[in-house]
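Reader: Could you walk me through the charged pairs in this model? I would like to know how they are defined and where they sit.

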Amino acid sequence: MLAACAASARPHMSRNQDPVPLPEDLRVLLTVIRKNGFAAAADELGLSPAYVSKRIQILESTLGTRLLHRTSRRVSLTEDGERVQRWALRILDDFQQLHDDLADAHDSPRGRLHICSSFGFGRNHVAPAVSLLAERHPQLQIRLDLFDRAVDIVNEGFDLEIRVGDDLPGQHIGRQLVSNRRVLCAAPGYLERRGTPQTLDDLQQHDCLVIKERDNAFGIWHLDRDGTQESVRVSGPLSSNNGEIVLQWALDGRGVLLRSLWDVKPLLEQGRLLPVLADYSQSANVWAVYPTRLANSGKLRACVEFLQGHFKDLSL
């Protein structure tokens, strides 16, 4: 057993016994670079820092060059390391395309799929959809990470982002999964106490619950009415970077909220929240966003098509 483990840890050898880098070692290197350290890379890969360090040492020995400058706080690439990084991206992308092509040939999506989304929508809607996706395609290995910040899907190693909002990055491909919009609302108790706004400017005299998410302008609401966009600067004693917290404050009667229908529609139907300035809304469609290099990925296509079918039943 130990001999087998030791053999598996050695680089593969070609017929003339020249060492050949393992694709997984290249993946480890790219993760160390992206996470800027061995411990963070190990945490993402589910490995020990010592094992990650060992794989990098083996890769450097295999290639006969130093790839990283190491300090106690960070790592940085050597000149050869930058060259290997470029090749590693190309090699792993070729491997992935080979894998996808074989999966297409067998009509069975397989392999790793790394997805990200925002906390609220991700937890309430994407996670259940991913569970069903895994049931449909059991040969997929899916990882879902949730954030309340802007994500660089290429540099952070994601295959797909499920994104709420129409501010799409131009360098990627976007496919709409479901139509959605944000609406203004407040608890009945708040409106009884403070009155109901009649114009957009009236919001400046109200407590507005402001969410700082991603790169959105803080304290400015851009709203559409009859095809015309209007803006209003809002403020209030409470704000957060987490939409679910702000929603709870709205339910507590703390102010006016601008929130996606996917989140507040049941509460509006129950009367726990009431619409405010119903003529105004903000487009916030749900999109699948992925790098152009994955445009022909069979597993990604299967995933996006599944999500489109799943979310079409999400009535907004």
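**Salt bridges in the model**

Author: Happy to! Arginine 55 forms a salt bridge with aspartate 25, with the closest N and O atoms 2.7 Å apart. A salt bridge here is a side-chain nitrogen of Lys or Arg within 4 Å of a carboxyl oxygen of Asp or Glu. This is a predicted model, in which local features need pLDDT of at least 70 and side-chain atom pairs count only at pLDDT 80 or more, while totals for chains, interfaces and linings use all residues. Residues are numbered from 1 along each chain as its sequence is written, and side-chain values use heavy atoms, with hydrogens and water left out.

Reader: Which parts do arginine 55 and aspartate 25 tie together?

Author: Helices (H or I, at least four residues) are DSSP runs, numbered from the N terminus. Aspartate 25 lies in helix 2 (residues 23-35) and arginine 55 in helix 4 (residues 49-63), so the pair ties together parts 30 residues apart in sequence: helix 2 and helix 4.

Reader: Are arginine 55 and aspartate 25 buried or exposed?

Author: Buried means under 20% relative accessible area, exposed over 50%, and partly exposed in between (1.4 Å probe, protein chains only). By that rule, both arginine 55 and aspartate 25 are buried.

Reader: What is the relative accessible area of arginine 83?

Author: The side chain of arginine 83 meets that of aspartate 80 in a salt bridge (2.6 Å, N to O). Both residues lie in helix 5 (residues 79-105), 3 residues apart, about one turn of the helix. Arginine 83 counts as partly exposed, its relative accessible area being 37%.

Reader: How many salt bridges are there by this rule?

Author: Glu24, Arg27 and Arg112 are linked in a network of them. By this rule, the count of salt bridges comes to 16.

How values were computed:
Helix = DSSP H or I, 4+ residues; strand = E, 2+ residues; numbered from the N terminus.
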